Amino acid sequence: MSIIRRSTSLFQPRRGPEQRILTENRALIEDIDRRKLLRGAVSLGALSMLTGCDVAEQPQVQSVLRTVSSFNDRVQAAIFDPNRLAPTYSEAQVVNPPRFNAYYEIENVKPIDISGWKLELAGLINDRRPWNIEQIYALPEQEEIIKHICVEGWDYIGQWSGPNLRHFLTLVGADLTAKYVAFHGNDDYLEVIDMPSALHPQTILATKYAREPITDPFGYPLRLRTAVKLGFKNPKWIRAIEVTNTYQEGFWEKQGFNWFSGL
Ligand SMILES: Nc1nc2c(c(=O)[nH]1)N[C@H]1C(S)=C(S)[C@@H](COP(=O)(O)O)O[C@H]1N2
Ligand SMILES: [Mo]
């Protein structure tokens, strides 16, 4: 089920500045609507009632939406159930090759040269020795067929395998009581997830797609795949993993999307 389809009722033709404001803040409003924070039709009137300020002015609309959105982050984190499993699918439903996305076009993907690649570990981890790919391949593998949902309004079912992240973090002596796990991509992409989501049973460090090594566009040699986060919280081409208590905004949060972005 795509976000756009679920939210179209919000964007029925309206006239004048109200339509313009709704369009310009589409991403934030969709995010709020997707989480069913506001039931029924979201209107500027409803938002202004929520916050008690005049939302007819553009800068205020943004801050109103951001307020609702970050409030929603806390609610989301509080209601996250670390034991609830996300739906899984059958092998017949797997889309192969997967659908590509990044903050740039596929032609600009810079493949990782595996001879020079090591996974770096940083922050609140006892054993921060880097890992080469052979060491990672030697770990027990977990496979999952899960849905990838992108905030841009599309989704696909994919078949991913690789070491379970909780298992890996335990192995290297990460502080599992820390708040966040940050992933640094080789393309300077940063995304951070909360520790409970990192420790969720369906969160893995994926090395394979449909039982073959992940190909360059999709994150070779290592990417995150979690069934409990939107697509953008699944960094590809991981260069470093950092365990930290410091809150950091990733690429898409800076575009206005929710930090938590759980499913
Ligand atoms: N390093 C890196 N990881 C990234 C991105 C990116 O631009 N760089 N884009 C994210 C977004 S928005 C999506 S939807 C998914 C796309 O993953 P896919 O190409 O395997 O479908 O990767 C996510 N991880
Ligand atoms: Mo995405």
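For the contacts below, I count a polar contact as a pair of N or O atoms within 3.5 Å; within protein, one must be able to donate a hydrogen and the other to accept it. I also note that the model is predicted.

**Thr226**

I started with Thr226. The backbone nitrogen of Val228 lies 3.2 Å from a polar atom of the Thr226 side chain. I then looked for a side-chain partner and found Thr203, in a polar contact of 2.9 Å with Thr226. Thr226 belongs to strand E9, residues 223-226. Is Thr226 buried or exposed? Thr226 is buried, because its relative accessibility is 0% and the cut-off for buried is under 20%.

**Ligand 1**

I moved on to ligand 1. How many residues surround ligand 1? I get 20, and the closest are Arg99, Tyr156, Asp187, Arg223 and Lys236. I sorted the shell by class: twelve nonpolar, four polar and four charged residues. I asked which strands contribute. Strand E2 (142-150) and strand E3 (154-162) each supply at least two residues of the shell.

Next I checked the oxygen atoms of ligand 1. One oxygen atom of ligand 1 is 2.3 Å from a polar backbone atom of Arg99. For Asn101, a polar backbone atom is 3.0 Å from an oxygen atom of the ligand. With Arg223 the side chain is involved: one of its N or O atoms is 2.6 Å from an oxygen atom of ligand 1. Taken alone, ligand 1 exposes 530 Å², and the protein buries 100% of that. I also looked at the cavities. The space taken by ligand 1 is the largest cavity.

**Ser197**

I looked up Ser197 in helix H8, residues 195-198. The Ser197 side chain makes a polar contact of 2.8 Å with the side chain of Asp194. The relative accessibility of Ser197 is 0%, so Ser197 counts as buried.

I took two residues for sequence-versus-space checks. Leu171 sits in helix H7, residues 165-171. Leu171 is partly exposed, because its relative accessible area is 46%. From Leu171 to Asn126 I count 45 residues in sequence and 9.6 Å in space, C-alpha to C-alpha.

Ile114 is in the loop between helix H5 (58-79) and strand E1 (120-123). Ile114 has 29% relative accessibility, so I log Ile114 as partly exposed. Ile114 and Ile133 are 19 residues apart in sequence, with a C-alpha to C-alpha distance of 7.8 Å.

**Backbone geometry**

Most residues other than glycine have a negative phi, and most peptide bonds are trans. I therefore logged what departs from that pattern.

Which peptide bond is cis, with omega near 0°? The bond from Asn96 to Pro97 is. Pro97 is in the loop between H5 and E1. The bond from Tyr220 to Pro221 is cis, with omega near 5°. Pro221 lies in the loop between strand E8 (212-213) and E9.

I then checked phi. Asp188 is not a glycine, and its phi is positive at about 70°. The loop between strand E4 (180-185) and strand E5 (190-194) holds Asp188. Asp188 is exposed, because its relative accessible area is 68%. Arg211 has a positive phi near 70°. Arg211 lies in the loop between strand E7 (208-209) and E8. At 49% relative accessible area, Arg211 is partly exposed.

Terms used. Residues are numbered from 1 along each chain as its sequence is written. Chains are lettered from A and ligands numbered from 1 in the order in which they are written. This is a predicted model: local features need pLDDT of at least 70, side-chain atom pairs count only at pLDDT 80 or more; totals for chains, interfaces and linings use all residues. Side-chain values use heavy atoms; hydrogens and water are left out. A residue is near a molecule or strand if one of its heavy atoms lies within 4 Å of it. Accessible areas come from the Shrake-Rupley method with a 1.4 Å probe; for residues, only the protein chains shown count as cover. On a 1 Å grid over the protein atoms alone, a cavity is a set of points where a 1.4 Å probe fits but cannot get out, and a pocket is an open set with protein on both sides within 12 Å along at least five of seven lines; lining residues have an atom within 4 Å of a point. A molecule sits in a cavity or pocket if more than half of its atoms lie within 2 Å of its grid points. Helices (H or I, at least four residues) and strands (E, at least two) are DSSP runs, numbered from the N terminus. Ala, Val, Leu, Ile, Met, Phe, Trp, Tyr, Cys and Pro count as nonpolar, Asp, Glu, Lys and Arg as charged, and the others, Gly among them, as polar. Buried means under 20% relative accessible area, exposed over 50%, partly exposed in between (1.4 Å probe, protein chains only).
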